[in-house]
Amino acid sequence: MSNSLVEVDSRLLKQPGQDVPFLAQVNTPSQRQGQADVASALRIVRLLSVITGLLFTMGPTPPVRAEPSMPMAQPHAANLARMRAESLNGGLTSYRAAGCMYETGARACLVSSTSESFTFRFRGGAPGWEQQKPPKPSLETTVVVSKDGTRILAVPYNGPIR
């Protein structure tokens with residue numbers, strides 16, 4: 001084989017069964033190996049650019065923290081406590097419990113969880129009290145609910161904020 005230049009058709013040709021176009025018919029084993037190396041390098045570059053694009057598109061993600069498990073009855077108990085406060089304080093037309101009582105399980109309003117009961121303490125007031133700047137609650141309520149979340153055991157306090 002000589003070291004002279006070979007004239008090559010500059011049109012990109014795509015061979016059946018290959019996903020990478022190449023520039024000319026390859027005849028020698030070393031030329032075929034070189035072509036395979038180029039095709040592998042192109043595949044790696046494409047893969048890296050897809051991965052890089054995905055990383056930049058997704059951006060940094062904050063670490064996910066698992067919440068401690070919640071007893072199955074806690075959300076029901078929180079709803080029961082909130083509804084009792086609503087009933088004691090004139091219904092939804094004149095009273096709204098704190099936002100924490102509308103969250104699943106009312107974790108922020110839960111002050112005690114024993115083997116017998118859940119105790120919730122929260123503030124409330126006229127509709128819209130939490131949207132005021134600053135928020136102006138007028139009532140405080142403490143409700144004790146059975147551990148199975150089905151019965152109100154006590155309402156130790158329902159009155160002005162202490």
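In this report a residue is called buried when its relative accessible area is under 20%, exposed when it is over 50%, and partly exposed in between (1.4 Å probe, protein chains only). By that criterion, cysteine 100 and cysteine 109 are both buried. The structure is a predicted model, in which local features need pLDDT of at least 70 and side-chain atom pairs count only at pLDDT 80 or more, while totals for chains, interfaces and linings use all residues. Residues are numbered from 1 along each chain as its sequence is written, and side-chain values use heavy atoms, with hydrogens and water left out.

**Overall architecture**

The protein chain contains 2 helices and 5 strands, arranged from the N terminus as α-α-β-β-β-β-β. Helices (H or I, at least four residues) and strands (E, at least two) are DSSP runs, numbered from the N terminus. Of the 162 residues, 26% count as buried. The accessible surface of the chain is about 11,400 Å², and carbon and sulfur atoms hold 60% of that area; the areas come from the Shrake-Rupley method with a 1.4 Å probe, and for residues only the protein chains shown count as cover. Among contacts (heavy atoms within 4.5 Å) with a separation of 6 or more, 48% join residues 24 or more positions apart.

**The nonpolar core**

A nonpolar core is a set of buried Ala, Val, Leu, Ile, Met, Phe, Trp, Tyr and Cys residues joined through side-chain atoms within 4.5 Å. The largest one has 20 residues, of which Met101, Phe120, Phe122 and Val145 touch the most other members. At least two residues of this core come from each of α2 (74-88), β3 (117-125) and β4 (139-146), and α2 supplies the largest share, 5 residues. In soluble globular proteins, nonpolar side chains tend to be buried together.

Valine 145 belongs to strand β4 and is buried, with a relative accessible area of 0%. Beyond its neighbours within four places in sequence, valine 145 has contacts that include Ala77, Leu80, Phe120 and Ile152. The C-alpha atoms of valine 145 and serine 117 are 5.5 Å apart, although 28 residues separate the two in sequence.

Methionine 101, with neighbours within four places again set aside, is in contact with Ala78, Ala81, Arg82, Ala106, Cys109, Phe120 and Phe122.

**Disulfide and salt bridges**

The whole structure has 1 disulfide, a term for a pair of cysteine sulfur atoms within 2.5 Å. It joins cysteine 100 to cysteine 109, with the sulfur atoms 1.5 Å apart.

There are 2 salt bridges, each defined as a side-chain nitrogen of Lys or Arg within 4 Å of a carboxyl oxygen of Asp or Glu.

| Salt bridge | N to O distance |
|---|---|
| Arginine 82 and glutamate 86 | 3.2 Å |
| Glutamate 140 and arginine 162 | 3.1 Å |

Arginine 82 and glutamate 86 are separated by about one helical turn, because they stand 4 residues apart in helix α2. Arginine 82 counts as buried at 12% relative accessibility, as does glutamate 86 at 10%.

The second pair links distant parts of the chain, 22 residues apart: glutamate 140 lies in strand β4 and arginine 162 in the segment after β5 (152-160). Glutamate 140 is buried at 7% relative accessibility, whereas arginine 162 is exposed at 58%.
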